[in-house]
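I opened the model to look up its overall build first and a few single residues after that. My entries follow in that order.

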Amino acid sequence: MGHKELWKEAFGDTDQYIDYYFKEKAGRSRVYSKYVDDALVSMMFFTPYEVVYRGRGIICPYIVGVATKESHRRRGYMRMLLEQGLKEAEARGCELAFLCPADESIYEPFGFRGVQYRKQLTVSGCGLVRGRYAVSCFADLTEEEKTQAAAFAADRLASSDFDLYMKRSVAYYEGVQKEMEALDGGVLVMREGPAIHGIAAYTYEEGQYDVTELLCAVPDGPEAVETVCGFLTKGSGEAVLFSDGQFLDQVDGVGIIRKTERRPSIMLKELAESRVAERLRVYINDIT
């Protein structure tokens, strides 16, 4: 069994997404593996990302693909790999590491703390909404338009009071576009005339649209949501999940259900500073 096979067994992702991940991301990750009798039984990936941390650009690992073959669990393999990866990351000068936990209790003993709790909205009756913004697919934009879209996102986050977020650039969104395509989705840019009012990433799995990120000014949230719903459903009346509602506090009305998850979507461990991670304001999407 190789890494792709263990990933499939552990997470059940589609072959399309697994092929994408191992083509685009695994090669730039530090992969920690445990073998027993030459057979892979445990693994995890430390994938480097550019982030903005308290106003500074740094690179830190996003820990993903944490999996142990069922027949070899509870033998300390995950602990061994995680401790090795964190030790080496700290030695390289990384200031923090973060992950999206399946169960936060697994990572709390290692010093990880929940720093982000996802706000969700489900919008039903989407066939009734009509947004005012024009929508373009990021992949179809000119290079100049892509630069403008990435700058909009970077400015939107820089003007927020987040302590930590992913650095936005054309290369970042080109990567997100590939990842969304592997999940039958894409990246959308919303305009009114020349002005950009929002940028959204979405997937389509098991008959459900999931807007994994929508960046916009908070007052623009209602129009941005209507625009995305109208574009995706084309009047079919399908429900659309907005799993990231960070900028959608002013969205309300009939057919909208709001929920804040109690389980953290992101946990973080500070490697170089003795600060309390819970005090950080973090905006990181687990599909990046």
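I counted 7 helices and 15 strands in the protein chain. Both are DSSP runs numbered from the N terminus: helices are H or I with at least four residues, strands are E with at least two. The radius of gyration of the protein chain is 20 Å, close to the 19 Å of the globule rule for 288 residues, so the chain is as compact as a globular protein of that length. That radius is taken over C-alpha atoms, and the rule is 2.2 Å times the number of residues to the power 0.38.

I noted the source conditions next. This is a predicted model, in which local features need pLDDT of at least 70 and side-chain atom pairs count only at pLDDT 80 or more, while totals for chains, interfaces and linings use all residues. Residues are numbered from 1 along each chain as its sequence is written, and side-chain values use heavy atoms, with hydrogens and water left out.

I then checked the box: the C-alpha atoms of the protein chain fill roughly 60 × 40 × 40 Å along the principal axes. Buried residues account for 49% of the 288 (buried is under 20% relative accessible area, exposed over 50%, partly exposed in between, with a 1.4 Å probe and protein chains only). For contacts (heavy atoms within 4.5 Å) between residues at least 6 apart in sequence, I found that 70% join residues at least 24 apart.

The protein chain carries 36 positive and 45 negative side chains, and the centres of the two sets lie 5 Å apart. Lys and Arg count as positive, Asp and Glu as negative, with His and the chain ends not counted; each charge is placed at NZ of Lys, CZ of Arg, CG of Asp or CD of Glu.

Next came backbone angles. Most residues other than glycine have a negative phi. Aspartate 38 has a positive phi of about 65°. I placed aspartate 38 in the loop between strand 1 (30–36) and strand 2 (39–53), where it is exposed at 78% relative accessible area. Aspartate 184 also has a positive phi, about 60°, and lies in the loop between helix 6 (170–182) and strand 9 (186–192).

Is serine 29 buried or exposed? I have it as buried, at 12% relative accessibility. Serine 29 sits in the loop between helix 2 (15–24) and strand 1. Leaving aside neighbours within four places in sequence, serine 29 is in contact with Tyr21, Phe45, Phe46, Thr47 and Pro48. I also found a polar contact of 2.6 Å between the side chains of serine 29 and threonine 47 (a pair of N or O atoms within 3.5 Å, where within protein one must be able to donate a hydrogen and the other to accept it, and residues adjacent in sequence count only if both atoms are side-chain atoms).
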